[in-house]
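Subject: Structure handover

Hello,

Here is the structure for your review. My notes follow below it.

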Amino acid sequence: MAENRKSNYYTIVDLSMIFVALLNISFSCICYGFWGDATEGIILSNLNQKSLLYKIIVSLLCVDMLCTYALFLLPLAELLDKLVLRVPLELRGTRFYLQSSFLRTLLVCITIGIAYGVKEFNYATNLVGGFSNNIVGFILPSIFFLKLCRASVLETIWNIVIIIFGVSALLICTTYTILDIVKGKK
């Protein structure tokens, strides 16, 4: 019973992340369709702030952030619990949960500080996303698969193609973001 619920949990988390990713991709494509190369890094800069469309998009973005923030913060919070608090599962009591809550509150405060402190936040997200998402999403899984599994020739070729794609995407995203940062400072 518990194993079935755990399996359902991971399925729901996977489906939620896929759904949110599809929403974000759709939103990006629609915005690029409207403004093309004139699309601003902060998409709201393209809109008239007094328009109904602006208010609808801001509302939808708030819902998006509300749904995704906790989902993406959870793995980091759990990792910090393990690394900092180091309390075995069977010994976790009120003190552990208070300390864990403090760490999670600190993570939220750090996030708020970064959001207010970084003037062009889109550059920060572009660098982190372009660099780490490609490593974690394309490069490392294929390398791990090739190292840990007995891959057929076709699987090996396919994983090498994925690695090349990941490295290319990493270099393109990072390079263009750095160029945008340099252009913005002139």
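Contact here means heavy atoms within 4.5 Å. On that basis, Ile43 touches Phe27, Cys31 and Trp35, with residues up to four places away in sequence left out. Please keep in mind that this is a predicted model.

The core. Ile43 and Cys31 also belong to the largest nonpolar core. In soluble globular proteins, nonpolar side chains tend to be buried together.

The loop. Asn46 sits in the loop between α1 (2-35) and α2 (52-85). Is Asn46 buried or exposed? Its relative accessible area is 19%. The cut-off for buried is under 20%, so Asn46 counts as buried. Two polar contacts involve its side chain. A polar atom of the Asn46 side chain lies 3.1 Å from the backbone oxygen of Ala38. The Asn46 side chain also reaches the backbone nitrogen of Glu40, at 2.9 Å. Beyond its neighbours within four places in sequence, Asn46 is in contact with Trp35, Ala38, Thr39 and Glu40.

The surface. Phe102, Leu106, Ile110, Ile114 and Phe121 make a nonpolar patch of about 460 Å². Helix α3 (residues 94-117) gives the largest share, 4 residues. Phe121 is found in helix α4 (residues 121-148). Phe121 has a relative accessible area of 33%. Patch residues need over 30%, so Phe121 passes that cut-off while being partly exposed.

Best regards

Technical notes:
Residues numbered from 1 in each chain as written. Predicted model: local features only at pLDDT ≥ 70, side-chain atom pairs only at ≥ 80, totals over all residues. Heavy atoms only, no water. Patch = residues over 30% accessible without salt bridge, like charges linked within 9 Å, V, L, I, M, F, W, Y side chains within 5 Å. Areas by Shrake-Rupley, 256 points an atom, 1.4 Å probe, with all protein chains shown as cover. Salt bridge = Lys/Arg side-chain N within 4 Å of Asp/Glu carboxyl O. Helix = DSSP H or I, 4+ residues; strand = E, 2+ residues; numbered from the N terminus. Buried < 20%, exposed > 50% of the residue type's maximum accessible area, 1.4 Å probe, protein only. Core = buried A, V, L, I, M, F, W, Y, C linked by side-chain atoms within 4.5 Å. Polar contact = N/O pair within 3.5 Å; in protein donor to acceptor, adjacent residues only side chain to side chain.
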